[in-house]
Amino acid sequence: MTATNTISRRAVLKGLGVTVALPWLESLAARAGTPAAKAAPKRLACLFIGDGISPPHWWAKGSGANMELGSSLTPLAPFKEKINVIDGLWNKEGDGGHAKCTGNILSGASLHRGRTIKGGLSMDQLLAKHYEEETAQPSLVLGCEQPVSGFHESQYSMVYASHISWRNADSPVPIELYPALAFDSLFGGKAGKLQGSILDDVLGQANDLSGKVSGTDKLKLDEYLSSVRETEQRVQRLNKMAKDDAPAAPAAQRPSTAQPKDLREYSKLMCDVIALAFQSDRSRVATLLMSRDLSGQVYPFLGIRDDHHSYSHSNEGPEYQSIVKFYVEQYAYLLDRLSKMPEGDGSVLDNSCIMFVSEHWNAHNGTRVPLVLAGGLGGTLRTGRTLDYLKAGNDKRKLCGLYLTLMDRMGLKTSEFGDAKERLAGI
């Protein structure tokens, strides 16, 4: 950012090969000659786990601060007034087994068996198209588990089991599995090649800007730059560990980026990237596939030995309950990050909708989709509620009806989506 009179409310610092977009700074509005009351952007993220939840432990009742949560959902206790726990939604085309349920969780499309891949445009990518002229990256599509190929015994391709984000009926969006590359993508193509911090190259501009904003915005700016630095340092430590463990490479070759070996660190780094993207408005749409359908993830830190999918068939047991609760903890981690990022009269979380979803209620059953929403979408979404649609009738409990409603609130109106032509009532 140069020291001119054309300072925008969404400031950008530019260095050699990097661009650091800053969070909303209210005190820059007067300098830019723009109304201070301009609404903050709305964002949507979806965090997904495959193979369902642990039904006896997945429940909520009551509202607001008095909401009661089943043991799987207890990590969300600090956010009772910021969430909606929704039960009984129906994904019509997702009922009937593995692969089929995951590939359309964000589209509601009818999937084809056999070698021809055919699904449908997912909600996140429809929103990405809507925002593509307003953000540097239309969407982030991230994952913590490698996609797989081949076919399930149902004759549905495992491509469906590995992807929730689809750019069109024929093509899933490639998943970014490397936190370092996801981080680099937020700040310019050369960010990962810098020897020091990306902030070192723009520090003078940041200090100059700090003297021109209000005390409140200065605190916000300091918090944001600290978040960038902290996340960057964690990524750099991860890359150093990978380099130390790897065979020697030519001096001119950039060390290969790594996938963290510890899933706890892996998922948190991906959540950090989403948080920074939303805070800086580099992107307003994100998906994170924490575990795929038929997941092979293992959890030694939970003291259990078998893989995720094996335990899902005994989903009422303590082992699977601990797996599900672990993933809810990662979701809560992202909510906590966003809730601590001030924006306007609230936080980035208040201007977002962060969804946690799985394709199954229990093994092979897509007729009851477990789903939590967090955040108020800029005041357009009431929170602090438990909503039950299980007995509403299939036409009144469509998952895609919820998606129509959310897209409406984000300024994208369409007459139908997936199997739904009506908005979900009560949202």
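**Burial and packing in a predicted chain**

At 6% relative accessibility, Val85 counts as buried, a class that means under 20% relative accessible area, whereas exposed means over 50% and partly exposed lies in between (1.4 Å probe, protein chains only). The structure is a predicted model, in which local features need pLDDT of at least 70 and side-chain atom pairs count only at pLDDT 80 or more, while totals for chains, interfaces and linings use all residues. Residues are numbered from 1 along each chain as its sequence is written, and side-chain values use heavy atoms, with hydrogens and water left out.

Val85 has its place in strand β6; helices (H or I, at least four residues) and strands (E, at least two) are DSSP runs, numbered from the N terminus. When neighbours within four places in sequence are left aside, Val85 is in contact with Ala60, Met67, Leu73, Leu371, Val372, Arg385, Thr386 and Leu387, where contact means heavy atoms within 4.5 Å. The C-alpha atoms of Val85 and Leu69, which are 16 residues apart along the chain, are separated by 9.4 Å.

His57, by comparison, is found in the loop between β3 (43–49) and β4 (60–61), and its relative accessibility of 22% makes it count as partly exposed. Apart from neighbours within four places in sequence, the contacts of His57 are Gly70, Ser71, Ser72, Leu73, Glu316 and Gln321. Between the C-alpha atoms of His57 and Gly70, 13 residues apart along the chain, the separation is 5.0 Å.

For the chain as a whole, the secondary structure comes to 11 helices and 15 strands, and 56% of the 427 residues count as buried. Among contacts between residues at least 6 apart in sequence, 72% join residues at least 24 apart. The chain exposes about 17300 Å², of which carbon and sulfur atoms supply 49%, as computed by the Shrake-Rupley method with a 1.4 Å probe.

The largest nonpolar core has 65 residues, and those with the most contacts inside it are Leu76, Ile354 and Phe356; such a core is a set of buried Ala, Val, Leu, Ile, Met, Phe, Trp, Tyr and Cys residues joined through side-chain atoms within 4.5 Å. Helix α10 (residues 318–339) provides the largest share of this core, 11 residues. Because domain 1 (43–177 + 263–426) and domain 2 (187–245 + 254–258) both give residues to this core, it lies between them, the domain bounds coming from an automatic or database domain assignment. A second, separate core of 36 residues includes Ile105, Leu377, Leu387 and Leu399.

Helix α11 (residues 399–409) is largely enclosed by the rest of the structure, because 10 of its 11 residues are buried. Among these buried residues are Leu399, Cys400, Tyr403 and Asp408. The buried residues of α11 pack against β3, β6 (83–89), α3 (123–131), β13 (352–358) and β14 (369–374), and α11 is followed by Gly411, whose phi is positive, near 90°.

The axes of helix α5 (residues 179–186) and helix α8 (residues 263–279) come within 10 Å and cross at roughly 10°, where axes are lines fitted to C-alpha atoms, for helices over the stretch in contact, and angles run from 0 to 180 degrees between N-to-C directions. This makes α5 roughly parallel to α8, a class for angles under 35 degrees, with those over 145 counted as roughly antiparallel, 65 to 115 as roughly perpendicular and the rest as oblique.
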